[in-house]
Amino acid sequence: MKHLIFPLVAALALPAASFADGAPRSDWGRAGILSSANKADLPPIMLSSGTPLSEAPWVLTSGTYYEFEIQGDGSAELALEGAEFFRAIWIDEIVVNDLEIRPLGVNSIEFDDAGEMEIGFVAIKPGSYYLRIPGSTGETQRLEITIE
């Protein structure tokens, strides 16, 4: 009976060992968690006065590397805050005008003028989070994020 329990437990734990959205860990290559097989693109966030941040909430998988763009149209000075979300991820880099920034942490970001920013990160801590425009109360000014 003991000989059957170990393989059964190992077989049940196998799905938990899969990290990427469809890419098994054995396909990651030499870059490990940062390999292209473990990357997924998220829809961009639009920072524009009176425009929803995103069309749908994000559902992320812990251990997957994600990239997304934030596009500000300059219609107003707008920021995004989400300290709890930024603490639940590991930010690899923030790219602005071909300049790569590798921060130790982020609390919020702000666009004073029109521009674009790309953020690459690994989702780490499962839970429910959000990014929102500071001081806003409308649902369209808030992006719900779940890390599973």
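**Strands, core and a buried serine**

Q: What does Phe121 touch, not counting residues up to four places away in sequence?
A: Phe121 touches Leu42, Leu60, Thr64, Tyr65, Tyr66, Phe68, Phe85, Ile89, Trp90, Ile91 and Asp92. Contact means heavy atoms within 4.5 Å.

Q: What kind of model is this?
A: A predicted model, where local features need pLDDT of at least 70, side-chain atom pairs count only at pLDDT 80 or more, and totals for chains, interfaces and linings use all residues. Residues are numbered from 1 along each chain as its sequence is written, and side-chain values use heavy atoms, leaving out hydrogens and water.

Q: Which residues have the most contacts inside the largest nonpolar core?
A: Ile45, Leu60, Ile70, Phe85 and Phe121, in a core of 31 residues. A nonpolar core is a set of buried Ala, Val, Leu, Ile, Met, Phe, Trp, Tyr and Cys residues joined through side-chain atoms within 4.5 Å.

Q: Which strand gives the most to this core?
A: Strand S9 (residues 115–123), with 4 residues. Strands are DSSP runs of E, at least two residues, numbered from the N terminus.

Q: How do S6 and S9 pair?
A: In the antiparallel sense, over 6 bridges. Pairing needs at least two DSSP bridges between two strands. Ile91 has Phe121 in S9 as its bridge partner.

Q: Why is S6 largely enclosed by the rest of the structure?
A: Because 6 of the 8 residues of S6 (residues 89–96) are buried. Buried means under 20% relative accessible area (1.4 Å probe, protein chains only).

Q: New topic. Is Ser136 buried or exposed?
A: Ser136 is buried, with a relative accessible area of 17%.

Key:
Buried means under 20% relative accessible area, exposed over 50%, partly exposed in between (1.4 Å probe, protein chains only).
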